[in-house]
Amino acid sequence: MLKLIMKIILTPFMLAARLMLGLAAFITSIASTIIGLTVTVFLLLGVVEFTIGYWQNGIAFMVLALLASPIGLPVLANFLLNRMDHILGFFEGLLC
């Protein structure tokens with residue numbers, strides 16, 4: 001009986017959490033695509049800076065490109081989204 005009451009009370013919160021997680025995953029995928037385009041610009045600017053002699057700026061652009069690349073911040077965002085999905089799944093499993 002207590003489990004049924006907990007299901008009724010927590011179902012709207014779990015649904016809202018799932019919807020927010022889906023929205024966050026969608027926004028992350030769109031942002032990763034857009035950021036992927038900026039990585040190309042940062043790499044080109046870094047190469048140009050190296051060739052004209054401003055190697056400090058070239059290193060800065062290369063670091064920015066590394067952070068925005070698929071092995072930088074988007075991986076961290078996907079990792080956090082996966083952890084949130086596992087945590088929500090765990091709580092949903094407790095309620096079933």
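Predicted model: local features only at pLDDT ≥ 70, side-chain atom pairs only at ≥ 80, totals over all residues.
Residues are numbered from 1 along each chain as its sequence is written, and side-chain values use heavy atoms, with hydrogens and water left out.

**Stop 1: H1 and H3**

Select residues 2-52 for helix H1 and 73-95 for helix H3; they pack at about 165°, with axes 10 Å apart. Helices here are DSSP runs of H or I, at least four residues, numbered from the N terminus. Axes are lines fitted to C-alpha atoms over the stretch in contact, and angles run from 0 to 180 degrees between N-to-C directions. H1 and H3 are therefore roughly antiparallel (an angle over 145 degrees).

Now show side chains at this contact (heavy atoms within 4.5 Å). On H1, pick residues including Met 14, Ala 17, Arg 18 and Leu 21; on H3, the partners include Leu 81, Asp 85, Leu 88 and Leu 95. By class, this contact has 15 nonpolar, four polar and five charged residues. Nonpolar covers Ala, Val, Leu, Ile, Met, Phe, Trp, Tyr, Cys and Pro; charged is Asp, Glu, Lys and Arg; the others, Gly among them, are polar.

**Stop 2: the core**

Which residues make up the largest nonpolar core? Select Met 14, Ala 17, Leu 21, Leu 81, Leu 88 and Leu 95, six in all. Such a core is a set of buried Ala, Val, Leu, Ile, Met, Phe, Trp, Tyr and Cys residues joined through side-chain atoms within 4.5 Å. Buried means under 20% relative accessible area, exposed over 50%, partly exposed in between, with a 1.4 Å probe and protein chains only. H1 and H3 each supply at least two residues of this core. Centre on Leu 88: leaving aside residues up to four places away in sequence, Leu 88 touches Met 14, Ala 17, Arg 18 and Leu 21.

**Stop 3**

**Last stop: Val 47**

Is Val 47 buried or partly exposed? At 46% relative accessibility, Val 47 counts as partly exposed. Draw a C-alpha to C-alpha distance from Val 47 to Met 62: 8.5 Å in space, 15 residues apart in sequence.

Technical notes: Parallel < 35°, antiparallel > 145°, perpendicular 65-115°, else oblique.
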